[in-house]
Amino acid sequence: MRDEPLSLLEKNFALEALQAGIRVDGRKIDEARLVNFEFGSQYGTVTVRLGKTKVFSSAIAEVVEPTIDRPAEGFVTFSVDLSPMASENLMLEYLYSGRTSSTLEEAAEIVRFLQQIIRENQAIDTETLCIVAGVQVWAIRVDIHVLDHCGNVLDACCMAAVASLLHMRKPVVTVVGKDVFIHGIDEREPVPLTVHHLPISVSFGIFLDGDLIAIDPSIQEESVMEGTLSIAVNAHKEICAFRKAGGASIETSLIFKNASYAYLRATEVTVQLEKALKDTYSRNAVASVKPLQVETTKKSFPLNEQVQGVTTVWKQVAKQSALEDKEKTVDQPNITSVTNAEMEIFIDDSEESYTKSDELSASTDSDEETAPAVIARPRGGKGRPKSKK
Amino acid sequence: MPREELISPDGLRTDGRRPLEIRKVTCRMGILPRADGSCHLEMGNTIVLATVYGPRELSSRQSSCGIIRCEYSMASFASTDRRRGKRSDRNSVEMASSIKKTFENVLLTDLFPKSRVDIFIQVLQADGSERSAAINAVTIAMVNAGIPMKDLIVSCSAGYMENTTVMDLNHVEMITRGPQLTLAIYASTERMATAHLESKASFEIFENLIAIAKKGCLQMFDVMHSSIERYSLNLIASRDHIATFGSRA
Amino acid sequence: MIVESNDVFVFPGDKLFKLENGDNIRIGQGVVKRGDGLVALKPGYLHKDGNKIWIETAQKRYIPTVGDLVIGIIVDRSSDFYQVDVGGFSTALLPILAFEGATKRNRPHLSAGSAVYARVVSADRDSEPQLSCLLPGTQHSWVTGETIFGELSQGNLIHCSISLCRNILLGRNSVFTELGKYIPFEQATGMNGRIWVRSQSAGHIVLLSNLIICSENMTNDQLSAMIKSLVSKISTQTSTTTSV
């Protein structure tokens, strides 16, 4: 979606709708948007979609020297790139503040939150990242790129970070005497990280001077909200982080209700994340890989049960559009699909009538089992989108 | 490594306080003559200096209500660990943005459109609860600068360790990495303005932390309130208006 | 190869209809004359209607064209003009008196953020596009609120693709006719990818807004089936939501 200045009409309507108990996108007050995890072919890469918000994350491991005060612990570091490609408003922010992407306030807040929920809560066992105490340890770097800023980026980033840490593998290391051997991926199957628990962040928007709190605000709602409330909860019903950074004041008693909403949502997301992970493994047919088991109550999300009637249909529609644009292209290769693809042109390999297909399919990545041939511009020479790198 | 006992069998903390006792708070207002408002706040050994400039003209972007800018920094000599201040700018940015957002809602910014208020916070000595010290110092500096506010914001921290909930954490208690909460509330309505929970806590502990931190905030408010009152009355007295207001003093 | 037929997908650089001497042809968006032939500049569907040739693309950025009906958002005002965002390369200008029946003393006062429905009256490469809310031949003054152009109040503004707006305005997309069978509402469609809707309740507006956006990827038959099923559901649901 292109960023456009929001008119007063939209802002007022977002509030009016909230007061009437619905949201501009057809959700209910306590209904979050759909989450979709898509793991890449490389370990540790994942694309998370939260409604239209899209975040890409990759985790890599490198060998570094430990600090003096913690010689037997590895590191987990995060970087969040809120690049101007995510939204036009961000571009303006860069122009006015003169900051770089990592010191942008929003990015700094997200990184700080990630450090808190994952590092300070020991979600990843940093002691198992040790290779030789005091000499070499693993440093896991999680790079998060916000691709589409359509509201509630914090939650999407947190889910992406957790998902890529779950999906990532570190190479097997053998230590013989003083020599350290790091085995390549083809030599020995790399091992997953030790994950103690999965903190899932759930954010709420605060509206109407603190009287109304709605889960997972969209970008239109973010323009009228008066502050956020972010609660990170894991499946053990522990609050990993609670953050309300200013904004409209709220009654303290309201928080506990929201904390339990957050817990329900977190369980739902955890189940979904595990399922997505399992599906990826079964698709890749990696026999030695065992998906991580996290205790979750198998109770379904009661908020979802309330959703009936119209919202269910919308959910399906939303799901459809949330799924790859490419699916549409396969279904109906007419002008409407091109509309969605924007300046990218999607070409179905199977269409014989297309004259340039031979030359184009040559540059297609055959490893991408699900993606059809996605070519940006035939004349542009290097046709592959950047994200495949 | 044997861990230091944080709470003695007598129920006293490392610095001799009881669990539900805040440290000695002293604050001095208007100490910097060039700033519109300033405050030097000591909470035990934590010392924070906050200055406020504004409202003053905003040159770059136009806006229908005033904007607030905040800068937070920790002096490199503020803590025993000299690297801490320099280590990452990100913590300071996050802290500054959280303080900015806290005060955005409480200041009546629509009274001064196209202008800005600058807040500068310098931590001179860090002995735990820097975030709440900074918020308290800014509140007092705002009062000193005479910027219209809906309410006073007061802040206090609370932590859970060795089966006890304690308020106003010091540095030793903070580095235990136990569940700890920094809470800022509106003094008169007691509604929550800002809250930061670090390290995981169960729902029950969290609820407890909020209740204790809230109590701490109110204790803090009493101290702040009386020192603001004293300062203001002194000012008035020094201007020979004592006759009119003398009855209150 | 020269593309000669209508409704064919062309790529930038493709050669289009061969021109004969004496041909009188008007070229629109995405087509340029190079040498003695026409060349496509954008990927999209080629259209030829009489002597008019243009390419329908899926681009998001609106390019102001004279005669387009657009929904603009007031960004700023000076003594003579409102600066209006229409999604183009620069803000457009709307003279403060360009409202039906407006005089120096009696004219609408729009604040930043208001939405207006207006017509593009000039779109020149070298200057800011000009808008107008005047419609020659109308009797109504802006005061009555019965004019076609002017400020849009209440309701919701939807941001969608330009091609959806084009399809709606050209009557290829029947979403409004279908919806009109069940729900009373008002709408204004701008060529710049914005649609304004107003209806009786917030619930209805939300429904309309989402259906309009969904309609982009549906055929008219699918659309009418979906609307039919949805409306039967919403009639039961609104009665429950209003009681809550």
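The legends below describe close-up views of a predicted model. Local features need pLDDT of at least 70, side-chain atom pairs count only at pLDDT 80 or more, and totals for chains, interfaces and linings use all residues. Residues are numbered from 1 along each chain as its sequence is written, while chains are lettered from A and ligands numbered from 1 in the order in which they are written.

**View 1. The domains of chain C.** Chain C is divided into domain 1 (9-56), domain 2 (69-152) and domain 3 (156-238); these bounds come from an automatic or database domain assignment. The centres of domain 1 and domain 2 of chain C, taken over C-alpha atoms, are 33 Å apart.

**View 2. The side of chain A that touches chain B.** In this contact, 31 residues of chain A meet 33 residues of chain B (two residues are in contact if their C-beta atoms, placed from the backbone, lie within 7 Å). The elements of chain A that give two or more residues to this side are α3 (105-120), β14 (238-244) and α6 (252-284). Helices (H or I, at least four residues) and strands (E, at least two) are DSSP runs, numbered from the N terminus.

View 3. β14(A) pairs with strand β10 (residues 201-202) of chain B in the antiparallel sense, over two bridges. Two strands pair if DSSP finds at least two bridges between them. A:I239 stands opposite B:A201 in β10(B).

**View 4. β11 of chain C and its partners.** Strand β11 (residues 115-122) of chain C is joined to strand β8 (residues 69-77) of chain C by five bridges, and the two run antiparallel. The bridge partner of C:I73 in β11(C) is C:A115. Three bridges join β11(C) to strand β13 (residues 150-152) of chain C, also antiparallel, and here C:V116 stands opposite C:E151. Strand β12 (residues 130-132) of chain C is antiparallel to β11(C) too, with three bridges; C:V120 stands opposite C:L131 in β12(C).

**View 5. An open sheet in chain C.** Four strands of chain C form an open sheet in the order β1-β6-β7-β3, with mixed pairing. β1 (9-10) and β3 (26-27) of chain C stand at the edges with a single partner strand each, so one side of each has no neighbour in the sheet. β1(C) pairs with strand β6 (residues 44-49) of chain C in the antiparallel sense over two bridges. In this pair C:F9 stands opposite C:Y45 in β6(C).
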